[in-house]
Amino acid sequence: HNNEYRILGVGSMGLADWLVKRKLTYAKSAEKVSELYEKIAYSGVKASIDLAEEKGAYPKFAGSEWSKGIVFGKDKEWFTNNQTFIDKEDWYKLLERLQKTGIRNGGIFAIAPNTSTSLLMGATASILPVFSKFFVDKASKGSVPVSPPFLAADTFWYYQENKNIDQQIIVETVSQIQKWTDQGISMELYINLNNGIKAKDIYNLYLSAWKKKCKTVYYIRSIALKVDDSCISCAN
């Protein structure tokens, strides 16, 4: 299967950092995130086409959506009728080249949770907001205090904490990334049990993710924040 499809899983981490460096909050950045991931998608497809030109397309290319000029479920008609941040002519040329040259990889993008890896890389995990502005990572050899890499006086409020964000916002943002991701995204949602959560609320999150065409809900985690925990960031 690896030899016939050559599927990759190019991921992401540090989206929260990318937003903070631009003084953007996660809750109000869905459109900006869509722009970023369209550019990533375009670059990834182009790079794989470049490789196909050099080394040949993956063996099962014939008959695939790629071979029909379809990327991430989008054909030329979709690009004609929908707003894009990259010039439509650039997309048209790429789709024509895709059908002519082929593509090296049957799958390109998949976003993992990378919670541990991101700590080693000095970035926030995956494409989610930080869970907390400060926490202690406990391991067998000891505990390490952790905070986001760009946390400072002028960025403090831009690092929004996932546990305090309406989770429908997370679903909407991930759906914008999913539009430009051919495989799955590990999305984690947090339910505060102290907010009188009902089964219907969890169902609505799943239904919303499905309607917005998210392929994966990785975890729904339950937490029990005390009334004053939502302002823990204010307390230094």
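The chain holds 8 helices and 4 strands. Helices are DSSP runs of H or I with at least four residues, strands are runs of E with at least two, and both are numbered from the N terminus. Along the sequence they follow the pattern α-α-α-α-α-α-β-β-α-β-α-β. The model is predicted, so local features need pLDDT of at least 70 and side-chain atom pairs count only at pLDDT 80 or more, while totals for chains, interfaces and linings use all residues. Residues are numbered from 1 along each chain as its sequence is written, and side-chain values use heavy atoms, with hydrogens and water left out.

Start with the overall dimensions. Taken along the principal axes, the C-alpha atoms fill a box of roughly 60 × 40 × 35 Å. Of the 236 residues, 41% count as buried. Buried means under 20% relative accessible area, exposed means over 50%, and partly exposed lies in between (1.4 Å probe, protein chains only). Now take the contacts between residues at least 6 apart in sequence: 76% of them join residues at least 24 apart. A contact means heavy atoms within 4.5 Å.

Next comes helix 3, residues 30-55. Its 26 residues reach 37 Å from the first C-alpha to the last, close to the 38 Å expected at 1.5 Å a residue. The expected span is 1.5 Å times one less than the number of residues. Just after helix 3, Gly56 takes a positive phi of about 100 degrees.

Helix 3 has a partner in helix 5, residues 88-101. Their axes come within 10 Å and cross at roughly 30 degrees. The axes are lines fitted to C-alpha atoms, for helices over the stretch in contact, and angles run from 0 to 180 degrees between N-to-C directions. The two helices are therefore roughly parallel to each other. Angles under 35 degrees count as roughly parallel, over 145 as roughly antiparallel, 65 to 115 as roughly perpendicular, and the rest as oblique. The crossing of helix 3 and helix 5 is left-handed. That term applies if the near helix is turned anticlockwise from the far one by less than a right angle; clockwise makes it right-handed. On the helix 3 side, the contact is made by Glu38, Tyr42, Val45, Lys46, Ile49, Asp50, Ala52 and Glu53. Helix 5 contributes Asp90, Trp91, Leu94, Arg97, Leu98 and Thr101.

Lys39 also lies in helix 3. At 42% relative accessibility, Lys39 counts as partly exposed.

Helix 7 comes next. Its 12 residues should span 16 Å at 1.5 Å a residue, and its end C-alpha atoms are 16 Å apart, which agrees. Of these 12 residues, 9 are buried, so helix 7 is largely enclosed by the rest of the structure. The buried residues are Gln167, Ile170, Val171, Thr173, Val174, Ser175, Gln176, Ile177 and Gln178. Their cover includes helix 2, helix 3, strand 3 and helix 8.

Follow that cover to helix 8. Its axis and that of helix 7 come within 9 Å and cross at roughly 15 degrees. Helix 7 and helix 8 are therefore roughly parallel to each other. Their crossing is right-handed. Gln167, Gln168 and Val171 of helix 7 meet Asn204, Leu205, Ser208 and Ala209 of helix 8.

Helix 8 runs over residues 199-211. Its 13 residues should span 18 Å at 1.5 Å a residue, and the end C-alpha atoms are 18 Å apart, in agreement. Leu205, Ser208 and Ala209 are its buried residues. They cover an arc of only 100 degrees around the axis, which puts them on the same side of helix 8. The arc is that of the directions from the helix axis to the C-beta atoms. Helix 7 and strand 3 (188-192) are included in what covers them. On the other side, Ala199, Lys200, Trp210 and Lys211 are exposed. Lys213 follows helix 8, with a positive phi near 65 degrees.

Finally, look at backbone angles in two loops. Most residues other than glycine have a negative phi. Arg6 has a positive phi, near 50 degrees. Arg6 sits in the loop between helix 1 (2-5) and helix 2 (15-21), and is partly exposed, with a relative accessible area of 33%. Ser126 has a positive phi near 55 degrees. Ser126 lies in the loop between helix 6 (115-121) and strand 1 (135-139). At 2% relative accessibility, Ser126 counts as buried.
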